[in-house]
Amino acid sequence: MSGFNESVIEAAALHYLREIGYATEFGPKIGPGGLAEERAAWDQVYLFDRLRAAAARINPRPRGVGG
């Protein structure tokens, strides 16, 4: 049997993502009822507030457009 399991793969992926500049967070902390809840249910894949903020950051509204 291999020494790899889900937790080993997850830890490696999280380490890699941090190394290339991504922020990571403990799932239960941002999950439903967590201290910093960012999703309404566990099956909600996208973190909509983060997605909106990132879209606004990389696509700033030109001056004078939309009020």
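Which residues does Gln44 touch, not counting residues up to four places away in sequence? Here is a friendly walk through the structure, with the reply in the second point.

1. **What you are looking at.** This is a predicted model, in which local features need pLDDT of at least 70, side-chain atom pairs count only at pLDDT 80 or more, and totals for chains, interfaces and linings use all residues. Residues are numbered from 1 along each chain as its sequence is written, and side-chain values use heavy atoms, with hydrogens and water left out.

2. **Gln44 and its contacts.** Leaving aside residues up to four places away in sequence, Gln44 touches Glu38 and Arg39; contact here means heavy atoms within 4.5 Å. Gln44 sits in the loop between helix 2 and helix 3. With 17% relative accessibility, Gln44 counts as buried (buried means under 20% relative accessible area, exposed over 50%, and partly exposed in between, using a 1.4 Å probe and protein chains only). Gln44 and Ala54 are ten residues apart in sequence, and their C-alpha atoms are 18 Å apart in space.

3. **Helix 1.** Helices are DSSP runs of H or I with at least four residues, strands are runs of E with at least two, and both are numbered from the N terminus. Helix 1 has 14 residues and spans 20 Å from its first C-alpha to its last, close to the 20 Å expected at 1.5 Å a residue. That expected span is 1.5 Å times one less than the number of residues. Just after helix 1, look for Gly21, which takes a positive phi of about 105°.

4. **A nonpolar patch.** Tyr16 belongs to helix 1 (residues 6-19) and is exposed, with a relative accessible area of 51%. Together with Leu17, Ile20 and Tyr22, Tyr16 makes a nonpolar surface patch of about 430 Å². Patches are made of residues with over 30% relative accessible area and no salt bridge, joining like charges within 9 Å and nonpolar side chains (Val, Leu, Ile, Met, Phe, Trp, Tyr) within 5 Å. Accessible areas come from the Shrake-Rupley method with a 1.4 Å probe, and for residues only the protein chains shown count as cover.

5. **Salt bridges.** Side chains of opposite charge can pair when their charged atoms come close. The structure holds three salt bridges, each defined as a side-chain nitrogen of Lys or Arg within 4 Å of a carboxyl oxygen of Asp or Glu. One of them joins Arg50 and Glu38, at 2.6 Å from N to O. Arg50 lies in helix 3 (residues 48-58) and Glu38 in the loop between helix 2 (27-30) and helix 3, so this pair ties together parts that are twelve residues apart in sequence. Another links Lys29 with Glu25 at 3.7 Å, N to O; Lys29 is partly exposed at 36%, and Glu25 is partly exposed at 38%.

6. **A pair within helix 3.** Arg52 and Asp49 also meet in a salt bridge, at 3.3 Å from N to O. Being three residues apart in helix 3, they are separated by about one helical turn. Both Arg52 and Asp49 are exposed.

7. **One aromatic pair.** How many aromatic pairs does the structure hold? There is one: Tyr46 and Phe48, tilted, with 6.3 Å centre to centre and 45° between the planes. Rings of Phe, Tyr and Trp (its six-membered ring) pair if their centres lie within 6.5 Å; planes under 30 degrees apart count as stacked, over 60 as edge-to-face and the rest as tilted. Tyr46 is exposed at 55% relative accessibility, while Phe48 is partly exposed at 39%.
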